[in-house]
Amino acid sequence: MAKTLGPVRRKFSPWNDPTAKPLIEFRNVVKRFGDFTAVDDVSLGIYEREFFALLGPSGCGKTTLMRMLAGFEHPSEGEIRLAGASLAGKQPYERPVNMMFQSYALFPHMSVEKNIAFGLVMDKMPKGEIETRVQEMLKLVKLEKFAKRKPHQLSGGQRQRVALARSLAKRPKVLLLDEPLGALDKKLREETQFELMDLQQELGMTFLIVTHDQEEAMTVADRIAVMDHGKLIQVAGPSEIYEQPNSRYVADFIGDINIVEGRVTAIDGGLIRMEAAAPRVSIVMEDDAATSVGATAWMAVRPEKVRISHDAPIETGVNAVHGEVWDIGYIGDTSVYHVKLDDGGTFRAAVANVSRTVERPIGWDDRVWLTWSKTAGVVLTA
Amino acid sequence: MSTEKSRSGRFLLVGIPYAWMLVFFLVPFLIVAKISLSTSVMALPPYAPVVESLTDLWRKIGEFSFFNYLRLVQESIYVESYLSSLWIAFSSTVIMLFIAYPLAYGMARAPKAWRPTLLMLVILPFWTSFLIRVYAWIGILADEGLLNWLLVSLRVVDEPITFLATQRAVYIGIIYSYLPFMVLPLYSSLEKMDETLLEAAQDLGCTSFQAFWRVTFPLSIPGVIAGSFLVFIPAVGEFVIPDLLGGSDTVMIGKTLWEEFFNNRDWPAASAVAITLLLLLVVPIVIFQNAQAKAQEAGR
Amino acid sequence: MRRFSWFNVVSLTLGFAFLYIPILILVIYSFNAGRNVAVWQGWSVRWYVEVFDDQQLLDAAWVTLKVGLVSASVATVLGTMAALAMARLGRFPGRLLFSGMIYAPLVMPEVITGLSLLLLFVAVDFDRGFWTITLAHITFTMCFVAVVVQSRLVGFDRSLEEAAMDLGCRPTATFFRITLPIIWPAVVSGWMLAFTLSLDDLVIASFATGPGATTLPMKIYSDVRLGVKPEINAVCTLVIAIISIAVIVASILTKRQEVEREKAERAAFAGG
C-alpha cells in the first residue's frame, strides 16, 4: 500500500491530471543579461487557483522569472503563455496580471484609497464602481479607517495590506507576490501567511509568490519550485520537497539534514546498501533511486528522524553510528544534539521535548548511539 | 505598436536636450577651436575665415596657422597669466582649507538641532550675488576703506596699507567667495561620520587630538579633495575677482582672455587662450572624477 | 544632549563673521547719508530713492528678471529631460558625449562658455540682445538643473513606476502621474538654482549681449569699475534682501513640511 508523504492539506492537484491545461505556461524560457544567464531553460505550468511558490537563494533567477510574467523583462528565448495566449510583445500595462512589490511601491503622494483606485482609474472604470470596489478592498484588508492616510502615515503591516489591496483591486487573473512579507517581523509574517492563504481560497485566484524563506513557501504554497542558478531543481508539493528531495541541493536548502556520502555496494528488492568512508559505516536504505553498484550516492536523513540514546540498538537492520555529544541546541520545542562521531564527521539528531522533565538526560560529552531506520531517509544520486 | 511609440518618446526625451547641447555647446566650442587656428585681421568679425568649403578644407589642412598658439608660448604675458592663475588658485585653495576645516568641523560637531541653521548660514551667501559679494570688499579694502581705518585707529599701522589692486585683495576675494564650496563637502563628510568611531578611538587610548588626527581627518579626506577641486577649478578661470580687486600686477588667465577679446579685439588670440585653458583644466577634472569614483567605491 | 565646545564656538564665530561682516557693512553703508563711502555721516534712505529714480538701473533689473524667468523655465524643462535620459535610458548611442556636454559647463570657466557662445552668434549672424542672453543662460543653467534632478532620480524607487505600469498605466501617463509628482521638489529647486544663477551671471551675459540689452550685474559691474557708489550699495542691499527672504522662506516651508511629515510618521507608528 502506498503511503502518503506528510499531511494532506487539501484535495487539489490538477498537475496530476493529464487533461488539465495550465493557466500559466513557461516554455523553455531563457533570460540572459549580457553574459549572465539569469533564467536557464525553464519549462513550467501553473494551474488555475493554485498557490505556487518560487523558492531559492537570492540571485537564483526566481524574481527574473516572475518579472518576465509581469512584463518588466522579456525572455531571450522561449515563450510565456497565459490562458493559452502568448504574452510576447505585451507590455506590463496590457497584461491581466498584477504584482505586489517587495518594497510595496506605494505611491507616496497618494492616499490609501487613491493608491487602491489607481489601477481602476487606469481602466477607466466608472466613478461609482471605483468607489464601491475601493470600499470592498479596504474592508477585505481591514483598513477602512485609514482610507485618507498617506503611505508614510501607516505602519509596515498596514502598508503591506494596502499594497495587497491595490494589486487585488483589478481582480487580475494572476497575482504575483514578490517577497511580500520580507519587511514584516516574524510574528506578523506568520499571521499574514495564513491570511494570504485564506484570501487566495476566498477569491479563488491564482497566486504566484517569490520567496527565499523556505518556511513561508512550505506554509502557503500548493506547490513549490526550488530554483538554483536559473534552473528549476525540483517542482513538487511541500511535503514531497521535504520528505523526498531529488538532490542534495534541495535537501540541504529545505530544513536541516544529515548527509553521508558513500559507494553503492548492492541493490536488491528496493533496498540499497552503501559503504561510507566518513563516518565509516554500512548503510541500508529502502529507496528506488536510479543508481548502480559502484556508483557514488548520498544518504540523507532529517535530524528529527534520527533517534539518540545512551544504549546501543538491540534490533538489527537499523542504521547506527556512535559518538560523543559535542553541542546541544535547546530551542524550546526541540533540542538538537550535535554529535562528534567516532568514525569521523558529525551528525545531528533532533528530539521533541514532549515532557518537561527527563529521566536520563543526555548531556555534553556523553557517549551516545544514533540510529535511523531504512525508511527514515532517502538515497540521492545528485 | 506601443513599443514603437515608447521608442519615439525615448528618442525625443534624449534628442531634444542632446540637440540643444550640440548646437549651443559643442558647435560653439568647435568654432572657438577653428578661430584659434585662423589669423587675426582688422575687420568685423576680426578673424579670417579658416575653411569655406570641403575642397577648401583639404587645401587648408596643410596651412593651418598655429601662430596663435606659438604666441601663447612666446609672449610672456600668456605664460605668466597661466602660471600665476594656477599659483593663485592653488595657494588660495590651501589657505581656504585651513579656514574652512575648523568651520565645517564646528558645524558638524554642533548640537543636532543647530546644524540645519548653520548649514543654511553657509549656503545663504552662495545664493546671494557673487558680484555683490566681491563688490562688498572694495569698500573695505580701499585705501581710505574700513579695514585701514580700523588698523590705523587701533594703531596697528601708522600709514594706510594698500590692499585694493594687489594680489592680497585677490586672495581675500577668492577665499571669501569660494568658502561655501569648500565648507559644504567638508561638512558633509564630517557630519556623516559615525561618532562612535571617536569614542572607540578614545576607548583604545587615543587623546582627543590623536583621535582627530588618526580617525577624523583621514575619514574626511574625500571631502577635502572634493572641496579643493570645487574651489581650484573655477578659481583658475576667475575673471570678476582679479578684475575688480586685483591691480595691473595681477594677471590671471580669465582676465587676459577678457582683455584680449574686449579691449584688443584679438579674437583668434582669445580663442587660443580659451582652448589652452580648457586643456589645462581637463587634467585636474579627470583626477577629480577618478577620486570621486574611488571615494564612491570605497563608500560602498 | 551635546553642547558646543569652546573650540567650536570660536571657529564658528570667526568663520561666520568672515562670511557675513562684509555683507553687513555693505548693507549698513547703503544707509549712509554721505557720498563718501568710508565716512559715516548718519542714517538716510536717499540712495534708495535715487535707485528708484534711475531708469537705466530699473530697466536693467527688468531685463535681468525677464531673462531669469524665461531661461530658468526652459532650462528646467530641458534639464529635467536630460536628467531623465541619463538616469533612465541606460546605454544609448552617444551617451558619453551627452553626459560630457552636461557636466562640462559645470566646471568650465565662464569666460570660455561666454566666448564660445558669442562666436556662435556671430558666426550665424544672430542679432544679439535679450534672446542671445536668454539662450546662453538656458544652456549653462540646464546643466545644473540636470545634475540636481538626476541626483533625485538616483534615489528614486523604480518599482513605483513599475507598479503603475503593472496597474495599467502607459509610460507617458506614468511619468506625469507618478514620476513627476515625486521628483517635483528637485525640479523646483533646480528651477530656483537656474533662476539665481541667471540673475547672478555677469561674464556670460557680457559676452552674449548686444547693444540694447543690459542686465543688472552688467550695470553694477560697469558702475563699480569706476569706484564705489552709494546707489550701488543700495541696489546690492535690495538684491540681497530679496534673495535672502526668498531662500529663507523656501527653506522654512520645506522644513515645516518635513516636521509635519515626521510627526505624521510618529503618529502612525504609535497608532499602528
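Which residue stands opposite A:Arg273 in strand 13 of chain A? In this predicted model, A:Val284 holds that position.

Strand 12 (residues 271–276) of chain A pairs with strand 13 (residues 281–286) of chain A in the antiparallel sense, over six bridges. A hairpin with four residues between the strands connects strand 12 of chain A to strand 13 of chain A.

Strand 12 of chain A also pairs with strand 11 (residues 258–268) of chain A, again antiparallel and over six bridges. In this pairing, A:Met274 of strand 12 of chain A has A:Val264 opposite. The hairpin of strand 11 and strand 12 of chain A has two residues between the strands, and A:Gly269 adopts a positive phi near 55° there.

The residues of strand 12 of chain A are divided between two faces: A:Ile272, A:Met274 and A:Ala276 form the covered face, whereas A:Leu271, A:Arg273 and A:Glu275 form the uncovered one.

## Helix packing within chain C

Two packed helices are described by the angle between their axes and the distance between the axes. For helix 3 and helix 6 of chain C, the angle is about 40° and the axes are 5 Å apart. That angle makes helix 3 of chain C oblique to helix 6 of chain C.

The crossing of helix 3 of chain C past helix 6 of chain C is right-handed. By class, the contact of these two helices comprises 22 nonpolar and eight polar residues, with no charged residues.

## The contact of chain C with chain B

In total, 62 residues of chain C contact 70 residues of chain B. Elements of chain C giving two or more residues to the side that touches chain B include helix 3 (55–88), helix 8 (171–200) and helix 11 (230–271). Helix 1 of chain C supplies the largest share of that side, 11 residues. By class, the side of chain C that touches chain B has 48 nonpolar, nine polar and five charged residues.

## One helix pair across the two chains

Helix 6 (residues 130–141) of chain B and helix 10 (residues 216–224) of chain C have axes that come within 11 Å and cross at roughly 15°. The two helices are therefore roughly parallel, and helix 6 of chain B passes helix 10 of chain C in a left-handed crossing.

From helix 6 of chain B, the contact involves B:Leu131, B:Tyr135 and B:Ile138; helix 10 of chain C contributes C:Pro217, C:Ile220, C:Tyr221 and C:Val224. This contact has seven nonpolar residues, with no polar and no charged ones.

Methods: Residues numbered from 1 in each chain as written. Chains lettered and ligands numbered in written order. Predicted model: local features only at pLDDT ≥ 70, side-chain atom pairs only at ≥ 80, totals over all residues. Axes fitted to C-alpha atoms, helices over the stretch in contact; angles between N-to-C directions. Parallel < 35°, antiparallel > 145°, perpendicular 65-115°, else oblique. Left-handed = near helix turned anticlockwise from the far one by under 90°. Contact = placed C-beta atoms within 7 Å. Nonpolar A, V, L, I, M, F, W, Y, C, P; charged D, E, K, R; others polar. Buried ≥ 20, exposed ≤ 12 C-beta atoms within 10 Å, placed from the backbone. Pairing = 2+ DSSP bridges.
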